[in-house]
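The following exercises concern one protein chain.

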Amino acid sequence: MHEFALVRSMLVQVAAIVADQGGQEAEEIRLRCGAFAGVDPTLLAAAFEMLRPGTAWERTRLRIEVDPLELRCDACGESFRPDQFRFVCIHCGSPRVRELSGDQVIIESIVVAAPANADASTHEEGES
Ligand SMILES: [Zn+2]
């Protein structure tokens, strides 16, 4: 299950970003998982659940958004989302297409949790 390796390397990146912002843990991690990345979002979430006990990520929410496959045609220059995984341009029928997005897993955003000793009075419970 390569999702474990993926989650581990993702958390290394997240830890670096969180530390960079002076935080200690992330409140939320948003991932974009390409529909064609060869990664199952369910397994990704499961791997995260199994890895996080006893770590800094115990209270972190993981949100995974599936990114549809997007292709670009080299012949006519159009980009499009194929209905199925057919690597043929829907505009001109050329097979000279390549993946624009949808073939990788990327960290979309991270919400860094405020340090526990921060002034909590400025925090408003306004979002819903
Ligand atoms: Zn085309």
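**Exercise 1: The antiparallel sheet**

The model is a predicted one, and it contains an open sheet of 3 strands in the order 4-3-5, with antiparallel pairing.

Solution. 
1. A specific pair may be located in the structure: L71 has F80 of strand 4 as its bridge partner.

**Exercise 2: The mixed sheet and its helices**

Task. Give the strand order of the sheet with mixed pairing, and state which strands helix 1 touches and which strands helix 2 touches.

Solution. 
1. The order in this open sheet of 3 strands is 2-1-6.
2. Strand 2 (61–67) and strand 6 are the edge strands, each pairing on one side only.
3. From one strand to the next, the twist averages 15°.
4. Strand 1 and strand 2 are paired in the parallel sense over 7 bridges; within this pairing, I29 has L62 of strand 2 as its bridge partner.
5. Helix 1 packs on the sheet and touches strand 1 and strand 6, its direction making about 40° with that of strand 6.
6. Helix 2 also packs on the sheet and touches strand 1 and strand 2; the angle between its direction and that of strand 2 is about 165°.

**Exercise 3: The nonpolar core**

Task. Identify the residues that touch the most other members of the largest nonpolar core, and name the element that gives the largest share of this core.

Solution. 
1. The core has 17 residues, of which V7, V14, A26, C33 and L44 touch the most other members.
2. Two or more residues are given to this core by each of helix 1 (3–20), strand 1 (26–34), helix 2 (41–51) and strand 6 (105–112).
3. Helix 1 provides the largest share, 5 residues.
4. Consider L44 in detail: beyond its neighbours within four places in sequence, L44 is in contact with E3, L6, V7, C33, V39 and I64.

**Exercise 4: The whole chain**

Task. State how many helices and strands the protein chain has, and give their pattern along the sequence.

Solution. 
1. The protein chain has 2 helices and 6 strands.
2. Along the sequence, the pattern is α-β-α-β-β-β-β-β.
3. Of the 128 residues in the protein chain, 20% are buried.
4. Among contacts between residues at least 6 apart in sequence, 69% join residues at least 24 apart.

Technical notes
Residues are numbered from 1 along each chain as its sequence is written. This is a predicted model: local features need pLDDT of at least 70, side-chain atom pairs count only at pLDDT 80 or more; totals for chains, interfaces and linings use all residues. A nonpolar core is a set of buried Ala, Val, Leu, Ile, Met, Phe, Trp, Tyr and Cys residues joined through C-beta atoms within 7 Å. A residue is buried if 20 or more other C-beta atoms lie within 10 Å of its own, exposed if 12 or fewer, and partly exposed in between; C-beta atoms are placed from the backbone. Helices (H or I, at least four residues) and strands (E, at least two) are DSSP runs, numbered from the N terminus. Two residues are in contact if their C-beta atoms, placed from the backbone, lie within 7 Å. Two strands pair if DSSP finds at least two bridges between them. Axes are lines fitted to C-alpha atoms, for helices over the stretch in contact, and angles run from 0 to 180 degrees between N-to-C directions.
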